[in-house]
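Hi there,

Here is the structure I said I would pass on. Have a look at it first, then read my notes below.

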Amino acid sequence: MAATVSMDEARQALGTYFGYSAFRPGQERLVAAILAGRDALGVMPTGAGKSICYQIPALTLPGLTLVVSPLVSLMGDQVRALKAAGARPSYLNSTLTPAQQNTVLKRAREGWYQIMYVAPERLADERFCAFAREVAGPDGIGIPLVAVDEAHCVSQWGQDFRPSYLEIARFIGELPVRPVVAAFTATATERVRADIIQMLGLRRPETVVTGFDRTNLYFGVEEMGDKAKAVWIRNYARAHADESGIIYCSTRKAVDELAFNLGRELAPAGIRVGRYHAGMSAGERLENQAAFIDDLMPVIVATNAFGMGIDKPNVRYVIHHNVPESIEAYYQEAGRAGRDGDPAECHLLWNGNDFRLRRYLIDRTDDESELDDEARERARQNRYRLLSAMEGYCETTGCLRAYILRYFGDEGALGVSEGTARPDACSPDSARTGCGNCSNCTTAYEVEDVTETAREAVRFVQACGGRFGRALVADALHGANTERIRQYRLDDLPGYGALHEEPVARIKDVIGQLIGRGYLTQSQGQFPVVSLGPRAVEVLGEDGGAAFSLTVKRRVAARRAPARARKAVDILRSEAAEDARPRVGDDAELFERLREVRRELAIERAWAPYMIASDKALRGMCRRRPATRAEPLEVPGIGEKKVDDFGDAFLAEIARFEDAYSAEGPARGARV
Ligand code: ADP
Ligand code: ZN
C-alpha cells in the first residue's frame, strides 16, 4: 500500500489525541515504517510507549486496524482511554453478548471504528474471519494494519507461550490484501525475537529494540529473613501512605498471608490493602483490580497473575517479597512502577529460601508433558540459566541498572528517556560510574582480604567430598555443634571449627563469592550441594595455592540517602523553584483541588482518574495556571478532546482558587 499519511500528520494526531508534542525516538522509527507500508517489530519495556506505535497509524490510516491482544482487561481500558481521547475504538471479546458483538461487527463494516481490539482466539472463529475478509476485500473499508501486542506469546521459548497466537499468521494469510503487520513485546531475547519474526511471518520488519533504561525508577535489592520482609514492607507502605504500590509474592499462600497481615496493620492508618491471584473468584479479582486502578485501594498484594495489561500510570512503588523466575519477569513486573515518568521505586527483598523455592518449582514443572525427555531437559536448563541471572542480580555489588541493561543488550544508544539525559540518568558506561539511583550506587563498599577464609573453605569442601550445602559447610567451618554436623561426623574432619572467629554469615558470603568466581560450584536442584569448581586447583595446587588471593567488597554504609520517590508536592516545589514566574497561592494546594475536580469527573463517568488527566498534567496546570481554553493545550498530556470535555471544569477551579486567594490578602507573587 502506498504511504497515504505523512509523519507530519502523524505528529499532529499525536498532539490532538494524546496531547504529546513529539514521538520518542523508537516510536518515531516504528510509526514511520508502518505508515510507509513496512512491517515492524518493537521491543520496548513496559511503559516505553508501545501502544502509541500502532494507535497513531490506526487513527490516521484509512480503514480498520486490528489489534490482537491477549488480555480482555487491557482491551476495556485501552478502549475507554481512546474514547476519552476522542478516537473511535472498539473491541470484540467474550464479555460482549452475541447481540452486542453483532452490533460491533455491523458498525465496523460501516466504518464506524478506526481500531478494533480482538483476542487471539477470535482469529480461529470462522464468522470473524469472514468478516475480516469482507472488510479487507475490494468492497470493504480495508484493513491497513494488524498489530500484535505481547508478541512473545507466539514463541515457545518465551515464558507465556499461547498456542492461539499461532493462528495469527494463517489469519493474515487468508486476507485478500495483506495488511502491514506490526508486532510488539516488552521482553524478548535474541531467540524469541527471531521466533516472532518467523511465526508471525513478518517481512523484513523495521526492528527497534530500545528504551530498557527507565531513568525514573530507583532499584533496590535487600537481603533479609522472611519475618524482616513483612516488617520492612509494612513500614514502607506506611511511609508512603498516599501512594499506590504493588507487592508481588511468588505463591498464592504468601499473597493471602501478607495481604491479611498488612491489611490489619495498615487499617488504622486508613490504607486499604487488596489481594489478587488466580485462586480467587473472577468477580473478586475484577473488583480489587478496579479499586486499585481507581486509587480507592492503594496497595495490592499479588502473584504475577496481576498486572499484565494493567495500565495504571501512577504506581509509585513495586516491592518483590520474593525472587521472580527471571530478569525478564522481574523487569516486567517492576516496570509497572512509574509509567507516568515520575520518580518511583522498585525493591527486591530476597533470601536463600527464595532460590530454594524457585529450584523446587523448576524441578517439579510438568507442564511440558508434550515434550520429549531431551527437550524437557533443555527447557529445565533454560530455566536454571534464567534463575542464575536473577541470582547474579541479587548478589552483585555493581550498578543494578547497568546489570539489567547489559542483560537486555540495550547499550542505551537509543534511550527513549524524554528529551536530553538527566543528570542522574544512566549512561552506557554506568557499569563504571554507576547510575546514582540504585541501592548499589548509593552504598559504599570496602574491600576486604578474605584469602585465608576462602582457603579454609575450599579445603573443607574437598575434605567433605562435595556432599553438603553451603549453610552446613559454613556451620562446620565455624565449629557449630549441631545434630546434623554430628550425624554426618563433620566434626571429625580436618578444618572443622577452623574459622570459629568468623560469623557464619560471613563464611557463607565468602563461599558464595567462591562459587561466583568458579573456585567452587553449586549443584542445581532443590537442595544444592557445594563441590570443587574448575578453579579449585589454584587454591589446592602443589604450592599450597601461594598465588591465590581473594578480596570481597562489603557494604559499609549508605553514602547518601537514596533518591526517594518524590511526592507530587515535592516535585511541584522543585519545579516552582526553577520557575521564576509569579503565582497566586500555593501550587500544592491547587494541585489537591484539581485532584478533587478530577476525582469528581472520574466518578461521574465511572472512569479511572488518570483517564481524565495524569498527575503530570495536573502539575502542569498548577504551574502554568491556564486562564483560557487555548492554554491547557500547552500542558503535556492534554489533547484537544480533553480540553473540550474537561477544560472548563479545571479552568473554573483555577480561577476560583486564584480569586479566593487574592481576596484574602496581598499574596500575589507568593511562591511555594
Ligand atoms: P507500553 O504499552 O509500552 O507499556 P504505553 O503505551 O502504555 O506503554 O505508554 C506508557 C506511558 O507513556 C503512557 O502514559 C503514555 O501516555 C506515555 N507516552 C507514550 N508515548 C509518549 C510520547 N511520545 N510522549 C509522552 N508520553 C508518552
Ligand atoms: Zn546504579
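Predicted model: local features only at pLDDT ≥ 70, side-chain atom pairs only at ≥ 80, totals over all residues.

**Notes on the strands and helices**

Residues are numbered from 1 along each chain as its sequence is written, chains are lettered from A and ligands numbered from 1 in the order in which they are written, and side-chain values use heavy atoms, with hydrogens and water left out.

**The chain as a whole**

The chain has 26 helices and 17 strands. Both are DSSP runs numbered from the N terminus, with helices (H or I) of at least four residues and strands (E) of at least two. Of its 672 residues, 51% are buried; buried means under 20% relative accessible area, exposed means over 50%, and partly exposed is in between, with a 1.4 Å probe and protein chains only. If you take the contacts in the chain with a separation of 6 or more, 75% of them are between residues 24 or more positions apart. Contact here means heavy atoms within 4.5 Å.

**The sheet with S11**

Back to where we started. Six strands make an open sheet in the order S8-S13-S12-S9-S11-S10, with parallel pairing. Two strands count as paired if DSSP finds at least two bridges between them. At the edges are S8 (217-223) and S10 (273-276), and each of these pairs on one side only. From one strand to the next, the twist averages 15°. For angles like this, axes are lines fitted to C-alpha atoms (for helices, over the stretch in contact), and the angles run from 0 to 180 degrees between N-to-C directions.

S11 covers residues 299-302 and pairs with S10 in the parallel sense over four bridges. Besides the pair I opened with, Val-273 stands opposite Val-299 in S11. S9 and S11 also run parallel, joined by four bridges, and Ile-246 has Ile-300 as its bridge partner in S11.

Which way do the residues of S11 point? Val-299 and Val-301 go one way, Ile-300 and Ala-302 go the other way, and all are buried.

Now find helix H12 (residues 327-334). H12 lies across S8, S9 (244-248), S12 and S13 (344-350), and runs at about 150° to S12.

Arg-316 sits in strand S12 (residues 315-320). Is Arg-316 buried or exposed? Arg-316 has a relative accessible area of 8%, so it counts as buried. Leaving out residues up to four places away in sequence, Arg-316 touches several others, including Glu-243, Asp-340, Asp-342 and Glu-345. A polar atom of the Arg-316 side chain lies 3.2 Å from the backbone oxygen of Asp-342. That is a polar contact: a pair of N or O atoms within 3.5 Å, where within protein one must be able to donate a hydrogen and the other to accept it, and residues adjacent in sequence count only if both atoms are side-chain atoms. Also, the C-alpha atoms of Arg-316 and Gly-245 are separated by 5.7 Å, although these residues are 71 residues apart along the chain.

His-240 is in the loop between helix H9 (226-239) and S9. His-240 is buried too, because its relative accessibility is 3%. Its side chain reaches the backbone oxygen of Tyr-236 at 2.8 Å.

**The other sheet**

Seven strands form another open sheet, in the order S3-S4-S2-S5-S6-S1-S7, again with parallel pairing. Its edge strands are S3 (89-92) and S7 (206-209), each pairing on one side only. S1 (residues 40-43) runs parallel to S6 (residues 180-185), with four bridges between them.

**A helix pair**

Last stop: the axes of H13 (residues 352-364) and H14 (residues 373-395) come within 10 Å and cross at roughly 170°. That makes H13 roughly antiparallel to H14 (under 35 degrees is roughly parallel, over 145 roughly antiparallel, 65 to 115 roughly perpendicular and the rest oblique). Among the residues that meet are Phe-355 and Ile-362 in H13, and Tyr-384 and Leu-387 in H14.

Enjoy exploring!
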